[in-house]
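Welcome, and please open the structure in your viewer. We will go from stop to stop, with something to select at each one.

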Amino acid sequence: MEYAAISDKGIIREQNEDFWNIILDENGQPQAFIVADGMGGHQAGDIASKMAVELISNGICSYFKKENAKDTTEQVFKDAINQANDGIFQYALKNLDGNNIGTTLTAGLLNKGRLTIAHIGDSRFYLIRNANIEKLTKDHSFVGELVDKGILDVEEAKVHPRRNQITRALGYEKEVQIDFYSVDVYSDDIYLFCTDGLTMKLTSDELLSMLIQDKDLDSILRDMVALANERGGEDNITAIAVKV
Amino acid sequence: MTGKVLNNRYELVELAGSGGMADVYKARCRVLKRWVAVKILKDEFVNDEEFLERFEREAYAAGSLNHPNIVSIYDVGREDNIHYIVMEYVDGITLKDYIRRNGAIPWEEAAEIAISILSALHKAHRHNIVHRDIKPQNILMTSDNVPKVADFGIARATSTSTITMKVDTVGSVHYSSPEQARGGYTDAQSDIYSVGVTLYEMLTGRVPFDADTPVSVALKHIEEEAPIPSDYVADIPKAMDDIVLRAMKKAKTERYDSALQMIADLDRAKMGKEMSNGSVNDPFATKVIGDLEDETLAGKSSRNKNKRKNDKRKAKKSDKPKSKKKGFLIATVYILLIGVIVGGIWFAYDKIVKDLIGAISAPKTEPVEVISYIGKHIDEAIEDLKEKNLPYLEPVYEYHDTVEKDIVISQKPTAGISIMPGSVAITKVELIVSNGPQMVTIPEDMKFADYLEVELYLRDDLRLKPKEVAEYSDEVAEGRVIRTQPAMGSDVSVGSEVIIYRSLGPKLMDVVVPDLSNDTMDEAKHKLLSENLSIGKIFPEDREGYKGRIIDQEPKAGTTVKELTAVNLYFGDEQSPTGGDGGVPGINQSVRVTRSIYLPVQGNFGNKVEVEAYYTTGDTTEEIFLTRIELERTKFPYDVLVPVTPGAKTTLIVYMDGQFQYTEEVFSER
């Protein structure tokens, strides 16, 4: 399995509030993928995303260390994410005078030939199979929901004044609702986890044509970031690509 | 932030409120000795230059609006990373709180408040400023119940931000027009829609569309019809229902064309005149509005032309049935009165006053047009006002950087507006007069002082215009002040330019960087010092003694640089340990592998064990700190995440109670 990741702060922002992680198993094979785009201010914008990545990574790892692990992948995921939600929420309560912070989360967990996706917010997961690209996750954002309802089209959503407003965030409230998706892993599948810094700038057709090039994933991701920056680079850009 | 003084002028006294984008403080202005409200932009926005530029530009534009129902903007500024707007301090509550406290507001009062908001919007729209975020939370009610609209133009600035944020659940979306929900083109009529919603809430105590999520609320604005206000509160007259529903039409073209048009309908409703069949086709309403719009758009220059047109129209009007004309007169007088009460919009009607006032029995006096006094001497202005029997307030004197003493700087009402003279006067002329420039002294003791401090002091404390000129100086160190022009100790007027000469230090000669390759540390040092260059950073860092030979240097040999430039040296066995997960992760960093730390069976440990873990990466032997934790015996095996760089060997090193225990290879290659 080939994999690569990239995170770039863009050309406008001074700080990168996106975080990511790839967890490898004992054999050095990737087991889980996480991207998170934080929100919550100059001092705190990166806290929630960083905490989310760390807490969820730890949660997943310690589960697989346990003997007799019987829970479903989804349950493992859910527990890890709920713990992260609680950790972030309590942190803000204690240390930030109740100023809420939160983060998007798009994560994938490989287990027994299936990839389970957990998703909150407006980062995205794309499945590329048979030269087709499919956005599996629904954007939990003001514009995303209007697109789903058929009120806006994708291009209108990109310039809408509320395009930066998400309707769900990890760690923002006491409880969080998580969307789960699951796909069977086939050889030659390509998976893309990314934050909106990428998808605000590149269309899904562009993502597809770049990802199916005969090039290594590292250079493909680098090209994608360069293109997003060329088109303004106003936001942080983070992506993980995996090729089975 | 409380207690802080911004630009040595605005002393933040207490936090008065907090919104999605800014915090608002009650503050004291030390210069004008008055209360002000200081709106400070939240941290998350201060790194976005495009946003800041727009924020300031919109604030300046809104600052040009002077109206009794608009919260005045006094100043826009920044200090370090604090960006702020200084506004009129309003001692009162928001209209939202007012509705919360009182529930549904009697419809007559609601109409009055709506008229005030609309008159503020009329002024703004005339200046091509659209508010875009009219809602009761943005309307302040003074202690005398005068509504004041705040935050003009700010909504537009926010639309450029890419900062991810949680959608607001209680705010603007309840008041946004369908076109705003769609992200489409917004204009003055989007504000009219929001006024319609605000009026709806005043009348009924509830918003027309409510739902669990902001998206569902937005959808309702796009798709659903609101229940009629009088369904909730029975004594709301049909005329008010009609006004609200027309303002809230989904299609812009079906709404009121302008704020003035809606004011006129509200006035009629207050007089108890129901709108017959939708005021769009009401000959009366359209007629009046047509006249007003002409006047409003025509401006001063075409005033005479308009007068002729009006004369013609007057002739036409007399052909119409008498009853209609009478209604017209009463309405006009009523509009006039309302206009005077809300202030600021009345000038739009003054042409009608001129045409019709004679027809009403009461005052015989004609209104008099106010001329421009700006640039005139105050004595001359007063003489003219006396001659015309126009009432005026005691002139207010203010320091002015460029206008000479005793010359009028500004006036209210502006030229071209007509007001009533003598005993029937309602409005008084206000004149602001220059007191000449304020004088300050450039301090004597600024030579050798830090340039930036001096610049800030001259700019912010003395309010001068500092200009920087750089010079070489053998006497004054780099970055410090050599002298000023005018000289230190001179008296100068506030706002005048002062040149500060900043030292560049002694003039440095150009030298060529020598070739240091294969040199030892001592040889390199000797070569650099003899060229008057300095030694910069030495790589790899943190090693004791540099025994090897130099393989690279920065700047390269042969480069021309200034004397004293630092040259970085790179020694032979250079290594590049990869950083962990700190900073911005680059490609292929930050992949982590879990490893369990075991308690060695043969060890002799107590109930609690202090564990320290380090790792090495690549071929280096440098141990990078990973974690330190005190663990009970039962907590073993304990999991740690080890950062690995694909392609590089990573080894975990474990210490317990300060003693080395074991190493474990974590990762060899991908």
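Strands here are DSSP runs of E with at least two residues, helices are runs of H or I with at least four, and both are numbered from the N terminus. This is a predicted model, in which local features need pLDDT of at least 70 and side-chain atom pairs count only at pLDDT 80 or more, while totals for chains, interfaces and linings use all residues. Residues are numbered from 1 along each chain as its sequence is written, and chains are lettered from A and ligands numbered from 1 in the order in which they are written.

Now widen the selection to residues 22–29 and 34–41 of chain B. These are strand 3 and strand 4, which run antiparallel and are joined by eight bridges. They belong to an open, antiparallel sheet of six strands, in the order 1-2-3-4-6-5; two strands pair if DSSP finds at least two bridges between them. At the edges, pairing on one side only, are strand 1 (5–6) and strand 5 (73–79) of chain B.

Next, select residues 49–63 of chain B. This is helix 1, which lies across strand 4, strand 5 and strand 6 (82–88) of chain B, at about 160° to strand 5. Angles run from 0 to 180 degrees between N-to-C directions, and axes are lines fitted to C-alpha atoms, for helices over the stretch in contact.

Move on to helix 6 (residues 188–204) and helix 9 (residues 238–247) of chain B, which pack at about 145° with axes 7 Å apart. Which residues of helix 9 of chain B make the contact? They are Met240(B), Val244(B) and Ala247(B), and they meet residues of helix 6 of chain B including Ile192(B), Gly196(B) and Leu203(B). Being in contact means that C-beta atoms, placed from the backbone, lie within 7 Å.

Cross over to chain A and select Ala52(A). Beyond its neighbours within four places in sequence, Ala52(A) is in contact with residues including Ala36(A), Ile88(A) and Leu170(A).

For the last stop, show both chains together. Here 47 residues of chain A are in contact with 38 residues of chain B. Strand 2 of chain A provides the largest share of the chain A side, five residues.

Terms used. Two residues are in contact if their C-beta atoms, placed from the backbone, lie within 7 Å.
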